[in-house]
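Dear colleague,

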Amino acid sequence: MIGIIILNYFSGKETLRLYQKIESFQDESLRKLVVDNSADATENELLRRSIPSEDLVLAGKNLGYAGGNNLGIRLLVTDSEIRTIVLINPDVELKENIFHALGQKLLQNNDLAAIGPRLCLKGERNKIFSDGGLLHFKRFFYPGHLHAKMNPSQVVSKNLNRDIGYVNGSFFMIRVSALEAIGLLNEKFFLYFEETEWCHRAKTLGWQVASDTTVTAYQDISNNGVVYEYYMTRNHFLFHYLYYKKGLPRLALHYLKHILIYVFSQEINSSKKWPFLLARIKGIVKGLMNS
């Protein structure tokens, strides 16, 4: 069996659309679980009206991506028949049931801890969003996306590509047996960088991760606001604390240089500039404090 966790945070309509799409596959081997991080009565009621109680967990507060998914994982692993678990974002669109194709690849390759599909853009289906995550060592382990914005016809596909840094968190299939060795998502990260850290941790323990470009899912590009700036900045430092502590001074200088460039830029509207800068500065401070 395959466990599927849809993490909801004020995206009830998208969550229901994805849940119902998976329902339409009429596949009893897919065990669905919606975890609601919203802690909002209206959002809770919207989900309750359409999702059976056994498929819905109300977290009671916002646990973040890591905490909400960990809550779902802890519940699903109690079922010994579930061998793989998928973490999937509500905005992901599926044209067909790709869960078994991915699960089969994952279980056939004993060294793989996680796998993900090719992700293309909803609005531009002939454009790749990601064929797997990249970690750029020369850019302070900043994450990126393989083949981003390319047309699939331009890509020489490896089908199962192990040359990636991490599996994208929007569709992230995990081998249940690997969780015993690797552990759950790091809840200190709360939002962003969690799947990156988990995959890197897996690699340090001898596991591999991969993307399968023979199967495709579709997603939107998120609007990156001040919340994104804060957590991505802070978590970039937290990642360095865990895996490359000696690089922290250079990372801090890198961020400070970009802040100065941003401050003196005449091209950016000041109403947008200062919230962005404050979020980034707060992220740097919290990151350097490892908190």
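Predicted model: local features only at pLDDT ≥ 70, side-chain atom pairs only at ≥ 80, totals over all residues.

Residues are numbered from 1 along each chain as its sequence is written, and side-chain values use heavy atoms, with hydrogens and water left out.

The largest pocket has a volume of about 1500 Å³. A pocket here is an open set of points on a 1 Å grid over the protein atoms alone, with protein on both sides within 12 Å along at least five of seven lines, and lining residues have an atom within 4 Å of a point. Volume is the space filled by probe spheres set on the points, which are joined across faces, edges and corners. Among the 47 lining residues, Asn89, Tyr192, Ser222, Asn224 and Tyr228 are the closest to the centre of the pocket. Elements supplying at least two lining residues each include strand S1 (2–8), helix H3 (64–76) and helix H7 (226–243); helices (H or I, at least four residues) and strands (E, at least two) are DSSP runs, numbered from the N terminus. H7 gives the most to this lining, with five residues. By class, the pocket lining comprises 21 nonpolar, 17 polar and nine charged residues (Ala, Val, Leu, Ile, Met, Phe, Trp, Tyr, Cys and Pro count as nonpolar, Asp, Glu, Lys and Arg as charged, and the others, Gly among them, as polar).

Searching the whole structure finds one cavity of 30 Å³ or more, a cavity being a set of points where a 1.4 Å probe fits but cannot get out. The largest cavity has a volume of about 40 Å³. Its lining includes Gly116, Pro117 and Leu119. Strand S5 (112–121) and strand S11 (208–219) are the elements that give two or more residues to this lining, and S5 gives the most, with three. The cavity lining has six nonpolar, four polar and no charged residues.

Finally, the axes of helix H1 (residues 12–24) and helix H2 (residues 41–50) come within 10 Å and cross at roughly 20 degrees; axes are lines fitted to C-alpha atoms, for helices over the stretch in contact, and angles run from 0 to 180 degrees between N-to-C directions. H1 is therefore roughly parallel to H2 (angles under 35 degrees).

With kind regards

Terms used: Parallel < 35°, antiparallel > 145°, perpendicular 65-115°, else oblique.
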